[in-house]
Amino acid sequence: QVQLVESGGGLVQAGGSLRLSCAASGRFFSSNTMGWYRQAPGKERELVADITSGGSTKYADSVKGRFTISRDNAKNTVYLQMNSLKPTDAAVYYCNFLTNVAGILYDYWGQGTQVTVSS
């Protein structure tokens with residue numbers, strides 16, 4: 001079982017920055033992918049960015065060049081640096097932890113943290 005604790009959400013003006021953190025605890029293999037998803041009211045949850053334990057990253061087109069995902073494997077923590085925030089970035093952001101054990105995918109979610117961007 002994996003527990004995820006998120007922090008760093010809040011209210012920011014358009015053009016501002018926020019940094020989200022997500023710390024994973026529990027028992028898990030070191031090979032995993034951690035990422036951030038977001039869900040705005042009335043919309044489906046979408047991938048923002050993810051990063052493998054080896055450091056490979058993936059970003060949604062809408063955040064490329066503005067958001068940076070990183071991780072500290074020693075702390076089992078993933079970060080999302082969000083710059084040049086837009087009102088369209090406002091959503092609940094969820095941390096995700098994905099690992100494959102003997103061909104079975106295990107998928108865990110954080111409780112979510114609200115990001116509000118004022119125009």
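1. R19 lies over the face of Y79, at 4.1 Å from the ring centre. The criterion is NZ of Lys or CZ of Arg within 6 Å of the ring centre and within 35 degrees of the ring normal.

2. This is a predicted model, in which local features need pLDDT of at least 70 and side-chain atom pairs count only at pLDDT 80 or more, while totals for chains, interfaces and linings use all residues. Residues are numbered from 1 along each chain as its sequence is written, and side-chain values use heavy atoms, without hydrogens or water.

3. There are 3 aromatic pairs, counted where ring centres of Phe, Tyr and Trp (its six-membered ring) lie within 6.5 Å; planes under 30 degrees apart are stacked, over 60 edge-to-face, and the rest tilted. Y37 and W109 pair edge-to-face, with 5.0 Å between centres and 70° between planes. The pair links strand β4 (residues 33–39), which holds Y37, to strand β10 (residues 104–109), which holds W109, across 72 residues. F28, F97 and Y108 form one aromatic cluster.

4. Y37 is partly exposed at 23% relative accessibility, as is W109 at 35%. Buried means under 20% relative accessible area, exposed over 50%, and partly exposed in between (1.4 Å probe, protein chains only). Buried residues make up 38% of the 119 residues.

5. The protein has 0 helices and 11 strands; these are DSSP runs numbered from the N terminus (helices H or I, at least four residues; strands E, at least two). The C-alpha atoms fill a box of roughly 45 × 25 × 25 Å along the principal axes.
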